[in-house]
Amino acid sequence: MDRVHVAIIGCGSIAQRKILPALLRREDVDVCAFYDNNPRNSQSACAQFGNARSYVADTLTQVLNDSRIDAVYVCTPNSTHSELTIAALNHNKHVMCEKPMALSYGEAVNMLNAAEKAGKVLSIGFQNRFRDDYMMVKSLGDEGFFGDMYYVKAYTVRRMGIPNWGAFLNKDIQGGGPLIDLGSHVLDLALWLTNNYKPAYVVGAAYNHIGRLGSDCNRWGPWPNEEYDIEDSAFGFVRMENGMTISIETAWAMHTTDERTACVSLYGSKAGAEMRNGLTIVREMNGSLVEIKPSVAAESSQALAPGNNVNSANDREAASFIEAVKAQDPSLGNARQAAVVTKITEALYHSAQIGRPVDL
Ligand SMILES: NC(=O)c1ccc[n+]([C@@H]2O[C@H](COP(=O)([O-])OP(=O)(O)OC[C@H]3O[C@@H](n4cnc5c(N)ncnc54)[C@H](O)[C@@H]3O)[C@@H](O)[C@H]2O)c1
């Protein structure tokens with residue numbers, strides 16, 4: 001396959017700001033079809049990112065029955081990921097689905113089964129894996145530089161950033177607050193960097209004091225605080241089968257001075273990697289502790305940030321999926337790993353609800 005023909009399902013923010021700019025920079029991709037159940041969004045995406053042969057689809061069936069289309073990008077709200085991904089796989093399309101993979105592990109397993117049955121690539125949009133700094137930590141970890149990695153800090157905290165648009169505050173559509181939204185990125189990084197996908201049990205806690213109280217200081221203005229029923233912050237502890245632990249801290253709102261998103265630090269018997277104001281490697285040299293500041297770009301974790309340019313994490317993520325499709329190699333998709341992220345997230349919510357640890 002020389003060229004990959006793509007359809008976009010859900011033409012909102014992430015499609016227009018992360019996915020389409022990256023696909024447009026590739027010479028081997030044709031974005032053929034745009035579908036959104038709000039036609040204004042598909043029309044505007046097609047006008048901006050389409051070419052002479054692109055079309056705005058009136059129905060999902062029209063996209064799925066288009067035999068030219070090799071791959072579908074699912075960029076719709078969380079609650080639709082499973083159903084739309086399975087529909088596309090059942091029509092023999094490769095799928096790149098936005099994070100989080102699904103609302104529940106059960107949904108994620110159904111997606112994995114559909115991909116296996118179709119023999120197609122299924123990947124989830126975890127673009128932080130493609131940042132220069134995390135790619136460096138990953139290769140150091142794989143080479144054994146850190147020794148035994150026994151503790152990972154997965155941190156993603158906004159001080160007062162409750163998103164008040166779209167479906168963000170709708171529990172049924174979104175599945176939760178910052179844990180499922182921001183936390184899925186840092187959990188994915190924690191597992192991927194340490195190549196450890198065997199959780200044993202979790203302890204989780206979730207709060208919505210600020211969400212319910214309201215604030216005059218929210219970055220995006222007021223939100224309907226009286227109806228607020230998801231968490232504004234969630235914290236947890238994941239014990240892995242091999243004894244490694246992950247602590248996770250996520251917040252959309254917290255009275256803290258330490259506002260950092262998508263920051264994952266890891267600690268091993270021989271060295272550590274601290275992600276705070278950029279990457280710092282900590283190790284012993286010549287009888288002294290040293291801090292090494294690699295000159296890798298500390299690219300913003302935000303898919304939507306400026307700097308989304310050639311060779312960015314977003315472009316590398318697009319390349320990774322498109323090359324997997326061209327190779328027709330389902331083993332190159334990351335969905336099996338992403339399903340573990342969903343499993344842990346669901347268990348953390350469950351633990352927070354029952355106030356007890358949850359075995360996995
Ligand atoms: N990778 C990242 O860092 C990142 C960042 C932001 C959002 N996301 C994910 O992307 C997804 C979409 O988020 P967004 O910010 O683009 O939201 P959005 O509301 O801006 O866009 C979603 C679009 O999907 C459309 N839609 C809803 N249901 C549909 C359906 N059944 N069929 C077709 N179209 C449908 C909506 O009309 C809307 O245009 C979410 O799952 C979110 O978690 C990922």
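Tutor: Domain bounds are taken from an automatic or database domain assignment. This is a predicted model, in which local features need pLDDT of at least 70, side-chain atom pairs count only at pLDDT 80 or more, and totals for chains, interfaces and linings use all residues. Residues are numbered from 1 along each chain as its sequence is written.

Student: Which domains does the assignment give for the chain?

Tutor: The assignment gives domain 1 (4-127 + 311-332) and domain 2 (129-304 + 341-359). Their C-alpha centres are 26 Å apart. Domain 1 puts 22 residues into the contact and domain 2 puts in 20 residues, where two residues are in contact if their C-beta atoms, placed from the backbone, lie within 7 Å.

Student: Which helices each supply at least two residues of the side of domain 1 that touches domain 2?

Tutor: Helices (H or I, at least four residues) are DSSP runs, numbered from the N terminus. Here they are helix 1 (13-24), helix 5 (105-118) and helix 11 (313-327). By class, that side of domain 1 has 10 nonpolar, seven polar and five charged residues; Ala, Val, Leu, Ile, Met, Phe, Trp, Tyr, Cys and Pro count as nonpolar, Asp, Glu, Lys and Arg as charged, and the others, Gly among them, as polar.

Student: How many residues has the largest nonpolar core, and where does it lie?

Tutor: A nonpolar core is a set of buried Ala, Val, Leu, Ile, Met, Phe, Trp, Tyr and Cys residues joined through C-beta atoms within 7 Å. A residue is buried if 20 or more other C-beta atoms, placed from the backbone, lie within 10 Å of its own. The largest core has 105 residues, and Val6 and Ile8 have the most contacts inside it. Helix 12 (residues 335-354) gives this core its largest share, 10 residues. The core lies between domain 1 and domain 2 because both give residues to it. Beyond its neighbours within four places in sequence, Ile8 has contacts that include Ala15, Phe34 and Tyr73.

Student: How is the packing of two helices described?

Tutor: Two packed helices are described by the angle between their axes and the distance between the axes. Axes are lines fitted to C-alpha atoms over the stretch in contact, with angles from 0 to 180 degrees between N-to-C directions. The axes of helix 6 (residues 132-143) and helix 9 come within 8 Å and cross at roughly 35 degrees. Tyr134, Val137, Lys138 and Gly141 of helix 6 meet Leu189, Trp192, Leu193 and Thr194 of helix 9.

Student: Is helix 9 mostly covered or exposed?

Tutor: Helix 9 is mostly covered, with 12 of its 12 residues buried.
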